[in-house]
Each structure stands twice: as structure tokens, then as C-alpha cells.
Amino acid sequence: MDVYESALDLIGGTPLVRIRSAGAAAVYAKLEYLSVGGSAKDRIGRRMIEQAEKDGLLGPGGTVVEATSGNTGVGLALVAAEKGYRTVLVVSDRVSREKVDTLRAFGAEVVVKPSNRPREHPDHPMRFAAHLAETTPGGWLANQYDNPANPEAHYLTTGPEIWRQTHGRVTHLVSCIGTGGTISGAGRYLKEVSGSAVQVIGADPASSVYAGGDGRPYFIEAAGHFVHPDTAQDVWPTSYQRDVVDRVVPVADRQALDTLRQLARTQGLLVGGSSGTALAAAHQVAAGAGADAVVVVVLPDSGRQYLSKYFNDAWMLGLGFLDGDASGARVADAVTEDSRTSPLPYLTTRTTVGEALAALRARAGAGADAVLPAGPCPTSSDRRPMAPELTGSVTLAALESALHDGTAAPSDPLADHLEPPLLAFGYGEPAEDAVGRLAGHTHSTAVVLRDGCAEALITSSALRAALPTRH
Ligand code: PMP
């Protein structure tokens, strides 16, 4: 019979499919979403669990624990389910609803923790998972970031599959870097088997630190490395073996999103955000390579778990990732050239009330609303805050009255006197919608977002002025 004995036999073994690309080089995508659990992480779920069994760390009645953005959770949960282990997964609240529901469907228990905690905080998913594994009898922490079985899974399966499938003709491997397991394991294998002829190229969200970014937030889930501003010391996973990687290409979120939306519409392949990042980098690599080049890009998961984000026009428009309908008045039409080109005034929660007052008074003098967004990150004139960093706001009136009442002192950190964040609109949203939403809000000033980043401040009167006059 042409059958498989268990789900474990359907892990990996994913096909390569040709992707149309501008250059002469051939680009082949490794479709990891065709693995049984829907991602590249099935491979490491199996390998990490089986290695732990061999090492005597996991046995009958045991509990698998991990902090995971979702896919590793599925990989672990499906292997654990098949083998009869309990699974507890800790995820951050940035992870999409669909992913959490999927984990629960496999019988895993899911604990959701806030995403805006530094790594040292006991509620940081990784810290919390480690504590849980220690305090649960029979608990074992998979620890994909620092578990040698993670890159090893790709060394033993992904790399050899690519070599076999291309009959040894692969010249470039392109992969995202999250834990670094995929690129390190598959990359090391391909380097070894080709006598170092295969180039190994990382693809990274533009603000992630792997490609040299400053670690600020980005919108591509599960790839790259974000650094919380209060992190004392940033630690890179040991699953990422940098010596294997020849270079890392930064890819802006917008480019990644355009690439993956385009891929679904023109080539019938529905893939996730990190696949968009990887594929955009692969197109760049292919454009600079010769006609004999065979570029293999790993696409880690399916777009189905991101339908409410990357494939949802309202989500894209709200963050300023789409141009919107240019035939009507858009938020962008109400942004003055002045506010677009001058740096956005932005207060960090670490500035003092006295400093905030000075900034607000300067703006009030210029005739603008005396309200500013505030958040945790320091910014500079070329570093505008990203949407997730807009965590609060301050107004001149509120601060002045707090000083007057004695409930605030000029030396207080601003963090103690924050009001709710300003509303934010994508630049392509209809101006009329923005006017309506702003009308019900405390502040008549809002933030305009472009590519997920605060571009300018806007007032309700400017928005109304941009609307066509009705006769
Ligand atoms: N993309 C997706 C969708 C993932 O789940 C992961 C793993 N977190 C990655 C990319 C990165 O892969 P790796 O951890 O092997 O570097």
C-alpha cells in the first residue's frame, strides 16, 4: 500500500517550485507549508523531542514546554500528541489569533503573555516558560533558541533535501533568521557538501538587528530579532551560527508584504510574512547572480494564518502599507509638506515632565495642538517611532494643571503622567473616515502612519479642510 504509518512520517520532504523572477537566474522556493503541521518547524519539533528522549530529559508522563511564536508550538504539539506528552506553550500577545487557536486545536495548553516586556522580566515569554518547565514535574523546556537539535534538524533534513532536489546545482540558499536554526543547519550542510561553493544569504526585516538594524519593532512575525528598549543586554540565540552565513540582506516590511501579496495573486502560492521577506531577498540575490545560478529560498509557512493581517486590506491600510483610493480625499491629502519633512515631535517616557513641557510649549507657540505622542524609545530626526511604540500621549493642559495641583513635579519621569495614545491613521485611509473616528476621541490630533511608522501629526481641522466641499 502507498501509505504512511503516522503523522511523523509526513514531516518535511517538501517540494521545490520555480518562482518567476526578473533575472536570468533560476529561483526555487522550498514550500515548507506542505509539511504536515504547516511549517518548517515540524522538523525541529520532532528532532528536539527525540533528542530529549535519547538524552533522558523527556519520558512517559512528561510535559513539553516552550515559548513560541506559533509554528514551533505546532511542531512540538503534533509530535507530543502523537507520542502522548502534555504540551504547554507560552506566546506573546503579538501573535495572531489564528496561531493560538491552531495550537489549542492540537491539544496544547496556551499561556498568553504581554509582548512589551524586556527579556529580564519574569513575564517575558521565554523567562516564564523556563520557570514553568523547572516547576512542572517531568517538565522539559525545548528551548529552540539554544538547542543544538534545532539547527541539526535542518542539517539532517532540509539541507540534504535541497541538495538532492537540485541534483547538487544549488548555488545560493536564502532564508530568514529567527532562531537561526534553518539557515545554520541547512546552510552548514550545503557548504560542506559543495566545498563551500553554495552562498548562504540571510533575509531580515529591515529594523531587525541581524542585518544591522537598531532592533525596533517591525511587522513581519517570526523572523528577525527585535530588541526591547529596556533590555539590559541583548543576547543572540546560539541556534544561529553566524559563521555559516555569507551576508544578511535587510528587507523593508513593505517590500516583504508587497512580495507575498503579489506571489499569491500571480503564482498561486499563499505564504506567510517571513516568506515575503525571504522571497524579496531571493529576488535581489537572483538579480545580481549569473544565468547559471540556482537560488533556493526557504518559505517557512502558509499565508492562511495571516489572513487577518497581511492579506487584510483594512489592516494594511490602517498601518500605512497601502496607497488607498486616490480618487477620493485621503489622510495623506491633509498632511502639510511642512509636517511631512520636519521631524515628528515625539517624547520618550524617559524624558522628564519639565522637558516635555518645554517641547509642548514650543509647539503651542507654533500654533499646533499642544499634544504629542510618547513612547518608550529614544528617537532621532531620522528615526521616527513605529506604530507599536506609540504607547501614550501628553497634553500641555494636563501637565500644566498637574504641576499647578502639585500632582506632578518637573523632575518626574513622563512615564508617570501619560494619557492614552493618540489615534493613528494610515496615510491612504479615506479622510472622511478619519474625521469620523477623530470626532469621538479626546484629542483632535492624530498620528499619520506610512509603512507602519509615524510620519506626521494631523489635526481634525486639517482633515476636514481636505474633504471636498459639498454643495
Ligand atoms: N518564519 C517563520 C514563519 C517561522 O516560524 C520561523 C521560526 N520562528 C522563521 C521564519 C525563522 O526560522 P528559524 O527559527 O529557523 O531561523
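We'll start at the ligand and then walk along some strands.

This is a predicted model, where local features need pLDDT of at least 70, side-chain atom pairs count only at pLDDT 80 or more, and totals for chains, interfaces and linings use all residues. Numbering starts from 1 along each chain as its sequence is written, and side-chain values use heavy atoms, with hydrogens and water left out.

An oxygen atom of the ligand sits 2.7 Å from a polar backbone atom of glycine 178, and a polar side-chain atom of asparagine 71 is 2.9 Å from a ligand oxygen. Taken alone, the ligand exposes 390 Å², and the protein buries 97% of that (Shrake-Rupley areas, 1.4 Å probe).

Next, pick strand 15, residues 445–450 (strands are DSSP E runs of at least two residues, helices H or I runs of at least four, numbered from the N terminus). Of its 6 residues, 5 are buried (under 20% relative accessible area, 1.4 Å probe, protein chains only).

Now bring in strand 16, which pairs with strand 15 in the antiparallel sense over 6 bridges. Valine 447 stands opposite leucine 457. In the hairpin, with 2 residues between the strands, click aspartate 451 for a positive phi near 55°.

Last stop: glutamate 455, in strand 16. Glutamate 455 counts as buried because its relative accessibility is 9%. Its side chain makes a 2.7 Å polar contact with that of arginine 450 (N or O atoms within 3.5 Å, one able to donate a hydrogen and the other to accept it; residues adjacent in sequence count only if both atoms are side-chain atoms).

Methods. Buried means under 20% relative accessible area, exposed over 50%, partly exposed in between (1.4 Å probe, protein chains only). Two strands pair if DSSP finds at least two bridges between them.
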